[in-house]
Amino acid sequence: MPADPTAIVPTADGASTGPAPAGLCHLRAGGVSLVLDWSDGRLPQVHHWGADLGELSEDELRDLARASVLPIVTGQLDAVVPLSLVPEQSAGWMGTPGLTGHRAGADFTTAFTVRSAHHEQPAGDPVVVHRLRLEAADDDAELALVLHVEMLVSGLVRLRGEVTSTGAGVFDLAGLDLALPVPTEADEVLDLTGRHLRERAQQRHAFTLGTHLRESRRGRGHDASLVVAAGAQGFGWRSGEVRAVHLAWSGNTRTYAERTNHGASMLAAGELLLAGEVRLAQGETYEGPWVYGSVGDGLDAMAARFHTYLRARPEHPRSARPVLINVWEAVYFDHDLGRLIELADRAAALGVERYVLDDGWFGSRRDATSGLGDWEVSAEVWPEGLGPIVDHVHGLGMQFGLWFEPEMINPDSDLARAHPDWILAPPSRLPVPARDQQVLDLTHPGAYAHVRDQMLAVLAAHRIDYIKWDHNRDLVEAAHQPTGQARVHEQTLAAYRLMDEIRAAHPALEIESCAGGGGRVDLGVVARTDRVWTSDCIDPLERQLIEAGAHLLLPPELLGSHIASPISHTTGRAHALDYRAGTAFFSHLGIEWDITRAEEQDLARLATWVAAHQEHRALLHSGVVVHSDQPDPALWLHGVVAQDGSAAIFTFTTLATPVAAPPGRLRLPGLDPEARYHLRPLPPGDVTGGRTSQGAVAWWADGVTLPGRVLAEVGLQMPALNPEQMVLLHAARV
């Protein structure tokens with residue numbers, strides 16, 4: 001006989017959450033409650049996902065379940081239609097189904113029955129508070145489904161599904177999406193759009209009947225939404241209950257918000273599977289990526305759950321994030337040892353702690369048209385190998401980093417000439433080129449072994465502390481030769497495996513995820529890396545909002561942000577040094593500028609900014625990220641508040657010419673309302689020069705001492721700044 005579908009069974013190494021009604025489970029952590037119900041034996045539905053409900057008795061949970069049952073209305077089915085974690089048409093759900101596929105045209109619809117439920121609270125786990133495993137089966141469709149539900153210490157919920165074919169023949173899986181409900185009051189949707197050089201732009205619209213679907217078919221995610229969020233219209237950084245989902249996957253994705261005409265609203269996500277990518281023979285299993293769900297009062301609180309979770313992981317970088325210089329915009333492909341040494345000398349004198357040699361050190365790579373796939377040091381450019389520059393950098397007390405693009409190949413390369421069959425492509429043609437390159441098929445064992453072994457040989461030959469791991473083109477017609485089968489799913493897993501192998505061989509190595517900038521910054525790749533490159537655009541005006549969008553998922557210490565050249569490489573805009581440095585100040589700081597051509601006064605000022613960042617980065621990279629809601633989009637204020645409320649750093653920025661001058665009082669969010677703070681300008685971000693203002697605000701010279709509640713509720717006058725100018729403020733508890 002099958003196991004009792006209503007039993008909650010503690011595992012050997014965990015403890016049950018305590019008494020619970022049959023088929024009902026109440027998970028609580030971090031101020032969040034999740035109430036799941038599978039008492040009818042069907043897949044679990046969510047009666048509540050939101051603010052902590054406190055302790056509920058068995059009778060109260062049963063009454064909550066009864067209070068949540070939808071009535072039957074005219075013109076619809078003669079049955080109550082639940083919204084489960086994996087919505088099924090067999091239950092009457094006529095919206096987007098959670099699982100799609102077929103077995104030779106049959107078994108296109110499923111009716112799973114929960115066979116067992118196992119719950120544990122793992123002792124000593126720094127991340128997971130509750131772990132629930134539900135096993136279900138559909139004997140007619142000959143499928144098994146395992147659902148993993150976890151409640152994390154921060155209050156995040158994460159879900160993952162596994163589908164196994166238990167019958168003869170092949171089950172063609174087309175998709176597995178997991179859904180979380182949102183309340184009727186959530187009538188506005190926020191998600192993120194983007195492209196190369198303009199990632200993470202926020203967009204909003206009404207949450208109306210129908211489906212707002214975001215798909216990315218590129219094998220990376222410039223255009224994919226990091227989160228899809230829903231809340232009452234007008235929710236902001238600091239107000240309005242908001243719920244959001246994120247898909248921890250670096251390949252093709254789909255996320256959507258859906259509202260039906262029978263009162264159900266949901267946020268859902270899953271991997272986007274191309275035709276024929278997952279064909280399950282008997283006994284084979286597809287394991288989907290994690291879907292994360294966060295809820296909070298305001299976007300800051302929603303995002304803070306992600307930040308708290310990431311910082312609790314054992315693999316989260318704990319050491320101070322080293323200030324780095326990346327030489328790309330200084331030298332591009334012109335690798336001259338003397339010039340590179342001069343850059344290193346100047347960087348070390350500024351206090352820089354890591355030096356990164358970018359593209360152009362290998363094979364025939366003198367420009368972007370050739371050499372990818374030939375990961376051997378170029379004897380033409382480096383006749384003595386990389387040893388002289390690596391040793392010189394280490395001799396200056398800096399770490400050494402090196403650029404790779406392991407998943408790509410140029411047709412003009414020794415590797416492509418020897419193995420054209422190792423290119424991801426249909427059998428009879430090459431995909432449309434991008435940046436003169438194609439994608440190396442890492443699902444081919446020979447190709448995978450080639451790139452892995454060449455990378456390991458370079459790492460073994462030199463003391464390399466850091467890899468910038470790039471990914472500069474979309475996966476177009478990503479087919480395996482000679483079969484022509486789609487391979488984005490397997491290619492993504494192979495890229496993960498390659499990162500894991502490299503890290504296993506060199507545990508101290510740090511990896512940056514770069515994909516033409518911010519094209520791969522999801523929690524799937526973040527689990528394997530120590531930093532993401534937020535965007536190839538380091539124009540500080542663009543970066544203000546690019547990084548704000550990234551903050552919805554990632555804390556500042558994981559976001560690479562560089563002090564740009566006086567004239568931006570990507571936009572042609574000119575900005576003062578203080579604006580460039582102040583914009584990059586909060587994140588993992590770097591420099592991307594030919595400092596060998598900088599004036600001495602600029603170098604002295606740059607050194608001051610580097611020293612200030614190093615002095616304050618312990619706070620910047622551990623505190624709570626806060627943003628202020630401003631009615632004038634020209635004004636922008638954000639900051640970081642220490643976890644214990646002892647200190648905070650804010651930046652006030654003008655993105656454009658404000659409507660009013662002076663701008664008026666601005667509130668400082670996130671401070672302890674009962675504490676008193678001394679607030680003052682923070683050098684070097686204390687300069688307010690320009691034609692806009694005739695004098696500093698009255699408190700600027702000596703600062704003010706006020707309760708956190710006053711600073712948050714009343715605020716204080718800000719200086720009148722020119723467009724594209726910023727200042728820093730420091731608050732210290734007294």
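Q: Why are helices H4 and H5 called roughly parallel to each other?
A: In this predicted model, the axes of H4 (residues 337–350) and H5 (residues 387–395) cross at roughly 15° and come within 10 Å. Angles under 35 degrees count as roughly parallel, over 145 as roughly antiparallel, 65 to 115 as roughly perpendicular and the rest as oblique. H4 and H5 are therefore roughly parallel. Their crossing is right-handed, a word used if the near helix is turned clockwise from the far one by less than a right angle.

Q: What makes up the contact of H4 with H5?
A: Contact means heavy atoms within 4.5 Å. On the H4 side we find Leu-337, Leu-340, Ile-341, Ala-344 and Asp-345, and they meet Pro-388, Ile-389, His-392 and Val-393 in H5. These residues divide into seven nonpolar, one polar and one charged.

Q: How do you know that Arg-66 and Asp-63 meet in a salt bridge?
A: The term asks for a side-chain nitrogen of Lys or Arg within 4 Å of a carboxyl oxygen of Asp or Glu. For Arg-66 and Asp-63 the N to O distance is 3.0 Å, and this pair is a salt bridge. Both residues lie in helix H1 (residues 58–67), three residues apart, about one turn of the helix.

Q: Why does Arg-66 count as exposed?
A: Buried means under 20% relative accessible area, exposed over 50%, and partly exposed in between (1.4 Å probe, protein chains only). Arg-66 has 62% relative accessibility, so it counts as exposed.

Q: What makes Arg-254 buried or exposed?
A: Its relative accessibility is 17%, so Arg-254 counts as buried. Arg-254 meets Glu-215 in a salt bridge of 3.0 Å, N to O. That pair links distant parts of the chain, with Glu-215 in strand S14 and Arg-254 in strand S17, 39 residues apart. Glu-215 is partly exposed, at 28%.

Q: Why does the pair of Asp-500 and Arg-528 tie together parts of the sequence?
A: Asp-500 lies in helix H8 (residues 488–505) and Arg-528 in the loop between helix H9 and strand S31, so the pair ties together parts that are 28 residues apart. The distance in this salt bridge is 3.2 Å, N to O.

Q: How many salt bridges does the structure hold?
A: The structure holds 51.

Residues are numbered from 1 along each chain as its sequence is written. Local features need pLDDT of at least 70, side-chain atom pairs count only at pLDDT 80 or more, totals for chains, interfaces and linings use all residues, and side-chain values use heavy atoms, leaving out hydrogens and water.

How values were computed: Axes are lines fitted to C-alpha atoms, for helices over the stretch in contact, and angles run from 0 to 180 degrees between N-to-C directions. Helices (H or I, at least four residues) and strands (E, at least two) are DSSP runs, numbered from the N terminus. Ala, Val, Leu, Ile, Met, Phe, Trp, Tyr, Cys and Pro count as nonpolar, Asp, Glu, Lys and Arg as charged, and the others, Gly among them, as polar.
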